[in-house]
Amino acid sequence: MSDVRNNRREAGGSSVITANRLLDGRIVWQVEEGTWSTLIDDAGIIPNDEIEAAIAHAAGRQQADGLVGVYGVQVDPEAATPTPVTVRERIRAFGPTVHPDFTPAAELEAHA
């Protein structure tokens, strides 16, 4: 079954996997199997020719990981850090649709 939320992946491109945490609804990004971060910069980048299998595996673990809505997001191959190619996913990754105290940048500063 193909990931219908982002079915226009470029051949040769790369993607990351995202979901929402059930406990608090926060957007999370898969770092590696069973490990998730609220910062897209921590996300593991997966070649698009491997992403469907990785999404299926992550989706199979979503209950155990306390997640919902696992899917893949294509990232810009020219960016220095994982940057989604679509506006919707850039908003999910970087804001500004939430209060500044709850953005990934604010969390990064709080942990510095």
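Is Arg-92 buried or exposed? In this predicted model, Arg-92 is buried, with a relative accessible area of 13%. The side chain of Arg-92 forms a salt bridge with that of Glu-89, with an N to O distance of 3.0 Å. Both residues belong to helix 2, which covers residues 87-94, and because they lie 3 residues apart they are separated by about one helical turn. In general, an α-helix has 3.6 residues a turn, so residues three or four places apart point the same way. Glu-89 is also in a salt bridge with Arg-88, at 2.5 Å from N to O. The accessibility of these two partners is as follows: Glu-89 is buried, at a relative accessible area of 5%, whereas Arg-88 counts as exposed, because its relative accessibility is 52% and the cut-off for exposed is over 50%.

The model contains 5 salt bridges in total. One of them pairs Glu-33 with Arg-61, and the closest N and O atoms of this pair are 4.0 Å apart. Arg-61 counts as partly exposed, with a relative accessibility of 27%. Salt bridges with shared partners join Glu-33, Arg-61 and Asp-65 into one network.

The largest nonpolar core is made up of 11 residues, among them Ile-17, Trp-36, Ile-46, Leu-67 and Val-70. At least two residues of this core come from each of strand 1 (14-21), helix 1 (48-65) and strand 5 (67-75). The most is given by helix 1, which supplies 4 residues. A second, separate core has 8 residues, including Ile-40, Ala-43, Val-75 and Ala-93. In soluble globular proteins, nonpolar side chains tend to be buried together.

Ile-46 is one of the residues of the largest core. With neighbours within four places in sequence left aside, Ile-46 is in contact with Ser-14, Ser-15, Ile-17, Ile-51 and Ala-54.

The buried residues of helix 1 are Asn-48, Ile-51, Ala-54, Ile-55, Ala-58 and Asp-65. These residues pack against strand 1, strand 2, strand 3, strand 4 (46-47) and strand 5. Helix 1 bends by about 30° at Ala-59. Just after the helix, Gly-66 has a positive phi of about 70°.

Two further positions bring together separate parts of the sequence. Glu-10 is located in the segment before strand 1. Apart from neighbours within four places in sequence, Glu-10 is in contact with Asn-48 and Gln-74. The C-alpha atoms of Glu-10 and Pro-47 are separated by 9.9 Å, and these residues are 37 residues apart along the chain. Thr-86 is in the loop between strand 5 and helix 2. Its relative accessible area is 33%, so Thr-86 is partly exposed. From C-alpha to C-alpha, Thr-86 and Gln-74 are 8.0 Å apart, with a sequence separation of 12 residues.

Conventions:
Residues numbered from 1 in each chain as written. Predicted model: local features only at pLDDT ≥ 70, side-chain atom pairs only at ≥ 80, totals over all residues. Heavy atoms only, no water. Core = buried A, V, L, I, M, F, W, Y, C linked by side-chain atoms within 4.5 Å. Buried < 20%, exposed > 50% of the residue type's maximum accessible area, 1.4 Å probe, protein only. Contact = heavy atoms within 4.5 Å. Bend = angle between axes of the 7 residues up to and from the residue.
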